[in-house]
Amino acid sequence: LPAQHHLQLKAYDNAFAERFVRTARRECLDHILVFGERHLERVLREYVRHYNKERPHRGLSLETPEPKSDTNRGDGQIVRVARLGGLINEYHRKAA
């Protein structure tokens with residue numbers, strides 16, 4: 001097989017990983033100037049935490065891969081938590 005065709009087969013076989021890489025790039029890495037390997041690891045660790053715990057996924061009926069606790073429900077004040085220097089904002093409800 002030609003090298004290019006072989007790469008296309010690998011991307012198709014590993015669709016979930018390719019989708020995550022594309023999403024991480026679009027939502028995070030395209031907006032941040034990375035200053036080295038340690039900085040990249042720290043950024044990706046924070047993004048993966050957000051991706052699994054806070055970001056809704058259409059394939060999961062707008063749920064998160066890691067289920068949220070019921071502590072976000074109620075009538076308390078809504079608080080914004082800035083992640084990655086404000087690139088990502090998460091909103092939580094304080095207990096009343």
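Reader: Which residues line the largest pocket?

Author: The largest pocket is lined by F16, A17, R19, F20, T23, R26, Y51, R55, P56, H57, R58 and G59. On a 1 Å grid over the protein atoms alone, a pocket is an open set of points where a 1.4 Å probe fits, with protein on both sides within 12 Å along at least five of seven lines, while a cavity is a set the probe cannot get out of; lining residues have an atom within 4 Å of a point.

Reader: What kind of model is this, and how are residues numbered?

Author: This is a predicted model, in which local features need pLDDT of at least 70 and side-chain atom pairs count only at pLDDT 80 or more, while totals for chains, interfaces and linings use all residues. Residues are numbered from 1 along each chain as its sequence is written, and side-chain values use heavy atoms, leaving out hydrogens and water.

Reader: Back to the pocket. How much space lies in it?

Author: About 290 Å³. That volume is the space filled by probe spheres set on the points, with grid points joined across faces, edges and corners.

Reader: Which helix gives the most to the lining?

Author: Helix α2, residues 15-27, with six residues. Helices (H or I, at least four residues) and strands (E, at least two) are DSSP runs, numbered from the N terminus.

Reader: And how do the lining residues divide?

Author: Five are nonpolar, three polar and four charged. Nonpolar covers Ala, Val, Leu, Ile, Met, Phe, Trp, Tyr, Cys and Pro; charged covers Asp, Glu, Lys and Arg; the others, Gly among them, are polar.

Reader: T23 is on that list. Is T23 buried or exposed?

Author: T23, in helix α2, counts as buried because its relative accessibility is 1%. Buried means under 20% relative accessible area, exposed over 50%, and partly exposed in between (1.4 Å probe, protein chains only).

Reader: What does T23 touch?

Author: Not counting residues up to four places away in sequence, T23 touches C28, Y47, Y51 and R55. A contact means heavy atoms within 4.5 Å.

Reader: New topic. What pattern does the chain follow?

Author: Along the sequence, the pattern is α-α-α-β-β, which comes to three helices and two strands. Of its 96 residues, 16% count as buried.

Reader: Where is T64?

Author: T64 is in the loop between α3 (37-53) and β1 (78-83). T64 counts as buried because its relative accessibility is 10%.

Reader: Which residues does T64 touch?

Author: Leaving out residues up to four places away in sequence, N52, K53, E54, R55, P56 and H57. The T64 side chain also reaches the backbone oxygen of E66 at 2.6 Å.

Reader: What about K68?

Author: K68 lies in the loop between α3 and β1 as well, and is partly exposed because its relative accessible area is 45%. Beyond its neighbours within four places in sequence, K68 is in contact with K53 and E54. The C-alpha atoms of K68 and E54, 14 residues apart along the chain, are separated by 8.0 Å.

Reader: Which phi value does S61 have?

Author: S61 has a positive phi of about 55°, although it is not a glycine. Most residues other than glycine have a negative phi. L62 also has a positive phi, of about 65°.

Reader: Are S61 and L62 buried or exposed?

Author: S61 is exposed because its relative accessible area is 62%, and L62 is exposed because its relative accessible area is 56%.

Notes:
Polar contact = N/O pair within 3.5 Å; in protein donor to acceptor, adjacent residues only side chain to side chain.
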